Amino acid sequence: MLFPTFVFALVWSLFLASASPITRRAPLTLAVHDNSLISAVTALSATDISDLVPLTQLARAAYCDPKSVQDWTCGAACEAVPGFQTTLTGGDGNAVQFFFVGYWADANTVVVSHQGTDPLALMAILTNLDLLRDPLDPVLFSGAPAGATAHSGFQEQHAMTAMPILEEVKRLLAATGSRSVTLIGHSLGGALAELDCLFLALNLPENIAIKGVTFGTPRVGDDEFAAFFDAVIPDFQRVNNKSDLVPIIPGRGLGYVHPKGELHLLDGDRAVQCPGNDNDNEEDCQIQTVPNLLFGNLLDHLVFNGIPIGSIFCF
Ligand SMILES: *[C@@H]1O[C@H](CO)[C@@H](O)[C@H](O)[C@H]1NC(C)=O
């Protein structure tokens, strides 16, 4: 019974994505002296890309058995971030995504990482396909605009782990003296990290710097949500691998809008930073590479910066 529902939801998303107001336009041409193209995108340097590697491994570690994450023995992901100290793990990997909280001494930051939609965990995928939005919970997100709405399923998932994460982050900030929190997640975990960015920014003292780095993240909320998010969380990167189809759902035709911060991994070592919310006019940005699901490739949802993410990659 679950599988036909999933297929139906995919086809429906395809329809909505196709119905969204996408126009293919050439990049602006510099008319004055030559024909070179002005592009709002900027190329990422090799250093920018290598800086993402440990963050990608921390997103991968969230899929691993909580015992191995607690001991930091989860395989290549844990080995890539030596000295990381996990202080809290939670979730069951099914109804509630795994997550962990810990201290990354090398970066002097408290880290919260959320597991995402493993293709092997169908329940989690189905959670991802309930397309209704609700206003942000006024208790968890006190101070957010009343009109801002976000995916109801993502909000329900987020609410299940919000308070234990907040308490542990507060405790670790006090214990380590760090003034920085980094939220990480892949897929559904990226959506949860996005919500956690806002939640923690609204519930921690203003002198705590909040940074978010997510991978293959679906759209989370509407235009008011995105505008508020952009204002409150300037240090945000959402990394997309070339033709991944998850970042184009739920469709913009339903009123979903991404926050800023897209980094788009292209062929080879090429990657660009897309400064807008969805960068319609830039052929190197996600919405042009994947104008609808027919152009998408689910395999590109599983590898970022050459690093495979998923529960089968915990070795
Ligand atoms: C994007 O995904 C593909 C397919 O899994 C993979 O071969 C490629 O290495 C990924 N790109 C990056 C930059 O990781």
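**Exercise 1.** In this predicted model, locate Pro 250 and describe the peptide bond that joins Ile 249 and Pro 250.

*Solution.* Begin with the position: Pro 250 belongs to the loop between β9 (236–241) and β10 (262–265). Next, inspect the bond between Ile 249 and Pro 250: omega is about -15 degrees, and the peptide bond is cis. As a general rule, most peptide bonds are trans.

**Exercise 2.** Classify the packing of helix α7 against helix α8.

*Solution.* First, take the geometry: the axes of α7 (residues 188–203) and α8 (residues 223–232) come within 11 Å and cross at roughly 60 degrees. Therefore α7 is oblique to α8. The handedness of this α7–α8 crossing is left-handed. Then list the contact: α7 contributes Glu 194, Leu 195, Cys 197, Leu 198, Ala 201 and Leu 202, while α8 contributes Phe 225, Phe 228, Phe 229 and Val 232. Sorted by class, the contact of α7 with α8 holds nine nonpolar, no polar and one charged residues.

**Exercise 3.** Identify the surroundings of the ligand and the polar atoms that approach its oxygen atoms.

*Solution.* The residues surrounding the ligand are Asn 241, Leu 265, Leu 299, Asp 300, Val 303, Phe 304, Asn 305 and Gly 306. Now examine distances to an oxygen atom of the ligand:

- Asn 241: a polar side-chain atom lies at 2.3 Å from an oxygen atom of the ligand.
- Asp 300: a side-chain N or O atom is 3.2 Å from an oxygen atom of the ligand.
- Asn 305: a backbone N or O atom lies 3.0 Å from an oxygen atom of the ligand.

Note on methods. Residues numbered from 1 in each chain as written. Predicted model: local features only at pLDDT ≥ 70, side-chain atom pairs only at ≥ 80, totals over all residues. Heavy atoms only, no water. Axes fitted to C-alpha atoms, helices over the stretch in contact; angles between N-to-C directions. Helix = DSSP H or I, 4+ residues; strand = E, 2+ residues; numbered from the N terminus. Parallel < 35°, antiparallel > 145°, perpendicular 65-115°, else oblique. Left-handed = near helix turned anticlockwise from the far one by under 90°. Contact = heavy atoms within 4.5 Å. Nonpolar A, V, L, I, M, F, W, Y, C, P; charged D, E, K, R; others polar. Near = heavy atom within 4 Å. Polar contact = N/O pair within 3.5 Å; in protein donor to acceptor, adjacent residues only side chain to side chain.
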